[in-house]
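Please open the structure in your viewer and keep the selection tool at hand.

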Amino acid sequence: MPGVSLTPERKLEIARELDATGVHVIEAGSACTSEGEREGIRRVAGEGLDATVTSFARGVRSDIDHALDCDVDGVNLVVPASDRHVETKVGSTREEVLTNVEDLIAYAKDHGLWVELLGEDGSRADRSYLRRMAETAHDAGADRFCYCDTVGAASPEHTLEVVSELAELGPTGVHTHDDLGFGMANVHAGLRAGADFVHATVNGVGERAGNVALEEVAIALDRCYDVETVELERLYRLARLVSEATGVSLPPNKAVCGANSFAHESGIHTDGTLKDGAMYEPYPPEVVGRERRLVLGKHAGRAGVAAALSEHDVDVDEDELSAIVERVKDLGDRGKRVTDADLLAIADDVQERDRDRQVELLDLTASSGSGLPTASVRLRVGGEERVASGHGSGPVDAAVTAVRTALADEDVEFELDSYHVDAITGGTDAVVTVVVELSRGDRTVTVEAAEADITRASVIAMVDALDRLCGDVLETDGETALADD
């Protein structure tokens, strides 16, 4: 994928999670690329994973040698299949390519490698020639042949016809791209035609519009065809890991792993979902390791607001609920995201309660420069002040570490589930909005803060979230400590 480069450490981390998820073959990289790439492949190959670890290899012997040097289990060997690639890209002929296929597969098999031959641009190749290529590959000892829709140009009908012919010759896989939005449709057409192997990428990353998404293939095969592939409950964890490693955010409307996949705001949808989870969900979110979210905004209804308040142990009567719903809608009408902190503040105001904060930011200092980023915070926790400092990869990370340190003596273990920044004004003095989502056990809170300084906005949001999430624990601990004294 353009702009994405993974370090050997990241490759290994992702490979471990892929293996734990149950992926059968992991193409760990292209060994011919660089020494850094080879180091990453070596680490994955040497990890002792259950999955077959392979290297992508072009149709040249030196690429197979590079793969052997990385001690992989196999190679995904790609050769040109369409005349455009055979003649224009590599300046060869059909017969020369087939002769090369025989030699390369024999060489790889002689060295004990698992071999898959990929006919590049196969979806636009002459069908009779593509069949000859597959026959040649199987006769030479390849473990399988792969139909490649390299530029995402094929229709499902075309894929069905071509793969039906290829699958009669031996084990066949499909490699699809999503340039026409047919990536998933072509996978299912290929499987229906007799293929039994799918090339996929986590979150659908890849060239241009990307490859078909692993998580979408897995859940669709499970729910619609009773075909087991991987450990479904690990899919969301895997998706988040890859998103973090690549720096490519998950679109909110992304199937399976997008933020909105199991989020409900509409009053009708929320009410129906609370009565029966299957009302507006094709499968329970827990199946893929997720949780249902009720989102508050202009479309929120009484049932959704009441459920959200209940999650935070806030009891309201009918009149109070009506007033809270009206104010939530008003915030939504003004284009504002209604966070958990907003909801609780509204409830406090409607019920005319003064909130006794248990965690409050009093002072913050952060620096980065050319040295190690550091930060110090002064918090009021319960009835006392706490001062702590921390280091990190940047000032925000250092400040978060300092906050954790300040609360180290308290039973307030929490997870930072998401962190999002948006610039809401232009220029070098832009005001930024930071949204953090924290969880503790089965409770989650989302808080938003806007400041000109991103570090301060981040810490304010986090401290406010901690106060909402852990205030009851800190208040109880404080009372216990006083009683002991």
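The model shown is a predicted one, and it holds zero disulfides.

Select Cys70 together with Cys32. Cys70 takes part in no disulfide, and the nearest cysteine sulfur, which belongs to Cys32, lies 10 Å away. A disulfide requires two cysteine sulfur atoms within 2.5 Å, so the distance of 10 Å rules out this pair. Cys70 counts as buried because its relative accessibility is 1%.

Next, select Cys224 and Cys257. Cys224 is likewise in no disulfide; its nearest cysteine sulfur, that of Cys257, is 16 Å away. Is Cys224 buried or exposed? With a relative accessibility of 58%, Cys224 counts as exposed.

Within the selection, turn to Asp103, which is located in helix H5. Asp103 is partly exposed, since its relative accessible area is 43%.

Finally, select Leu416, Tyr419 and Ile454. These residues form a nonpolar surface patch, and together they have about 230 Å² of accessible area. Which helix holds Ile454? Ile454 is found in helix H16, which covers residues 454–484. With a relative accessible area of 36%, Ile454 is partly exposed.

Conventions. Residues are numbered from 1 along each chain as its sequence is written. This is a predicted model: local features need pLDDT of at least 70, side-chain atom pairs count only at pLDDT 80 or more; totals for chains, interfaces and linings use all residues. Side-chain values use heavy atoms; hydrogens and water are left out. Helices (H or I, at least four residues) and strands (E, at least two) are DSSP runs, numbered from the N terminus. Buried means under 20% relative accessible area, exposed over 50%, partly exposed in between (1.4 Å probe, protein chains only). Patches are made of residues with over 30% relative accessible area and no salt bridge: like charges are joined within 9 Å, nonpolar side chains (Val, Leu, Ile, Met, Phe, Trp, Tyr) within 5 Å. Accessible areas come from the Shrake-Rupley method with a 1.4 Å probe; for residues, only the protein chains shown count as cover. A salt bridge is a side-chain nitrogen of Lys or Arg within 4 Å of a carboxyl oxygen of Asp or Glu.
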